[in-house]
Amino acid sequence: MHDEIDALETTAKILVIEDDEVLRRLLIDVLGDQGYEMEATASGEEGLRAMEQDVFDIVLLDINLPGMNGMEVLRLVPARQPEAQVVMMTAFGTVDTAVEAMKQGAFDYINKPFSTDELVLTIRRALEEHDLRRELARLKQRARGVGSEIQIVGKSPAIQRVVDLIARVAPSRATVLVTGDTGTGKELVARAIHAASNRANKAFMPINCAAIPDNLLESELFGHMKGAFTGAIQNKKGLFEEASGGTVFLDEISTMSMALQPKLLRVLQENVIMRVGGRQPIPINIRLIAATNVDLKKRVASGQYREDLYYRLNVFPIEVPSLRDRKEDIPLLSNYFLQKYSELYEIEPPKLPARTLDRMMAYYWPGNVRELENFIERGVVLHASGGSATLGFELPSDAEERDEGAGILDEAQRKRWTFEDLEREYIFRVLESVRWKKTEAAEILGIDRRTLYRKLKRYESEGARSPE
Ligand SMILES: Nc1ncnc2c1ncn2[C@@H]1O[C@H](COP(=O)(O)OP(=O)(O)OP(=O)(O)O)[C@@H](O)[C@H]1O
Ligand SMILES: [Mg+2]
């Protein structure tokens, strides 16, 4: 399995810039045999042109070149290939220049004549550095991401079923569609699949489709060629290429535009991508996991989503249950988060008062596990800051009330709501209490469905809480 994956992986691409034809061929042969993808030019000018056409991981650059010399080329590499590592090739007597080149940003140099071993080792080191830098950049980018150890807490049959499905699908490359209400743990499930797969030591690349404007999303995912659009000042690999060998997690997949959907479909069907402005299909090797908290089938029915893409995504669906449908997990999850945040804030884990737990069991948890987690964290923080000597922390009063739909008047008075604010808030609470079944809500509210829709439309355009 591992071998197959390794063979599939897009290999590192090396650009050789060397005027000596014999050496140039030798380099192509030796490094090509190592499985690297090779391209070679005889002059700096040609090399720079090549850098405008493609993305390279390593540039192997001769110092003495006819025309533009190696040092000049070196200075021009970062603007074209910001992520490439440059290795200089030096002849006898140019060691000083080589040292200077390292100061200018070259990764390493090798002295001619060099042995095959020397060459291969140097390239390998440069590639390790390349990967390391990329990894570091990624880690920095989400320094506040989910912890490395992934644990899906819960004993309920509903969540155990999810755990089973994860174990079953992880070893394959099958596309997974994770569905479920907000905060139920969809991303956690995706991470768990990645961690249990043979791609675990490769990248897990989460992308929230809703967070990136449509025109940017395409170039983020697929990359672009220099000049493809204003601002595309150099070739750039997209996330699908960056994540090679790993897993791409496309969150809120329902928000992807009709224009972009066929391009994603092509990725799933043919495992190739096309950079924006590019003309060569580029093979990629990723595993795709998508998530949504809206019903994609309904989007298909209303013509907002391509049916063919839906079926491609839905190869292996996993539905994550809402917390209210597995209330027996509440005590377990509470203890887990109590432990987690007590460690984080360095306090003895407090115990949940029975009264609080009772209320938690009765509560509706519209924000699911995330809401529970936030609630416990807040409690631990209050406790840690000495809010109370006993470990009394309470369910937030409005949370508690939301379940019963009571107390809204107190809140309205306290916060000096207008009549309209109150109406809106009440409508939302009723909707939440019936899980957004609008016919049922309209009945409770004593208005007809059309009126309810009209009001919701208006709230939406006013930027109030949106019904999703
Ligand atoms: N079964 C679980 N065990 C432990 N932690 C969980 C579990 N389910 C969810 N969590 C935690 O709850 C939080 C929310 O989970 P996650 O971000 O995966 O939800 P989501 O479904 O992707 O939410 P959204 O719909 O808002 O994107 C995270 O901190 C996650 O670690
Ligand atoms: Mg999420």
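**Figure 1. Contacts across the whole protein chain.** In this predicted model, residues 24 or more positions apart make up 70% of the protein chain's contacts with a separation of 6 or more. The protein chain holds 21 helices and 14 strands. It has 468 residues, and 32% of them count as buried.

**Figure 2. Ligand 1 between two domains.** Domain 2 (157-319) and domain 3 (323-401) each give residues to the shell around ligand 1, so the ligand lies between them. In total, 18 residues surround ligand 1. The closest are Val153, Gly185, Lys186, Glu187 and Val369. Helix α8 supplies at least two residues of the shell, and so does helix α16 (368-384). By type, the shell around ligand 1 divides into six nonpolar, eight polar and four charged residues.

**Figure 3. Helix α7 against helix α8.** Two packed helices are described by the distance between their axes and by the angle between those axes. Here the pair is α7 (residues 157-169) and α8 (residues 186-195). Their axes come within 9 Å and cross at roughly 35°. The crossing of α7 and α8 is right-handed. From α7, the residues in the contact are Val162, Ile166 and Val169. They meet Val189, Ala192 and Ile193 of α8. The contact of α7 with α8 contains six nonpolar residues, no polar ones and no charged ones.

Figure 4. Most peptide bonds are trans, and most residues other than glycine have a negative phi. The bond from Lys112 to Pro113 is cis. Its omega is near -5°. Pro113 sits in the loop between β5 (108-111) and α6 (116-141).

Figure 5. Glu252 is not a glycine, yet its phi is positive, near 50°. Glu252 belongs to the loop between β10 (247-251) and α11 (261-270). Glu252 has 17 C-beta neighbours inside 10 Å, so it counts as partly exposed. Asn368 is not a glycine either, and its phi is about 55°, again positive. Asn368 lies in helix α16. Asn368 counts as buried because it has 22 C-beta neighbours inside 10 Å.

**Figure 6. Ala232 and its contacts.** Ala232 is placed in the loop between β8 (223-224) and β9 (236-237). With 17 C-beta neighbours inside 10 Å, Ala232 counts as partly exposed. Which residues does Ala232 contact, leaving aside its neighbours within four places in sequence? They are His224, Met225, Lys226, Gly227 and Gly277. Ser219 is 13 residues from Ala232 along the chain. The C-alpha atoms of Ala232 and Ser219 are separated by 9.5 Å.

**Figure 7. Leu431 in helix α19.** Leu431 is part of helix α19 (residues 419-433). Is Leu431 buried or exposed? Leu431 is buried, because 22 other C-beta atoms lie within 10 Å. Leu445 is 14 residues from Leu431 along the chain. The C-alpha atoms of Leu431 and Leu445 are separated by 9.6 Å.

How values were computed:
Residues numbered from 1 in each chain as written. Chains lettered and ligands numbered in written order. Predicted model: local features only at pLDDT ≥ 70, side-chain atom pairs only at ≥ 80, totals over all residues. Axes fitted to C-alpha atoms, helices over the stretch in contact; angles between N-to-C directions. Helix = DSSP H or I, 4+ residues; strand = E, 2+ residues; numbered from the N terminus. Left-handed = near helix turned anticlockwise from the far one by under 90°. Contact = placed C-beta atoms within 7 Å. Nonpolar A, V, L, I, M, F, W, Y, C, P; charged D, E, K, R; others polar. Buried ≥ 20, exposed ≤ 12 C-beta atoms within 10 Å, placed from the backbone. Near = placed C-beta within 6 Å. Domains from an automatic or database assignment.
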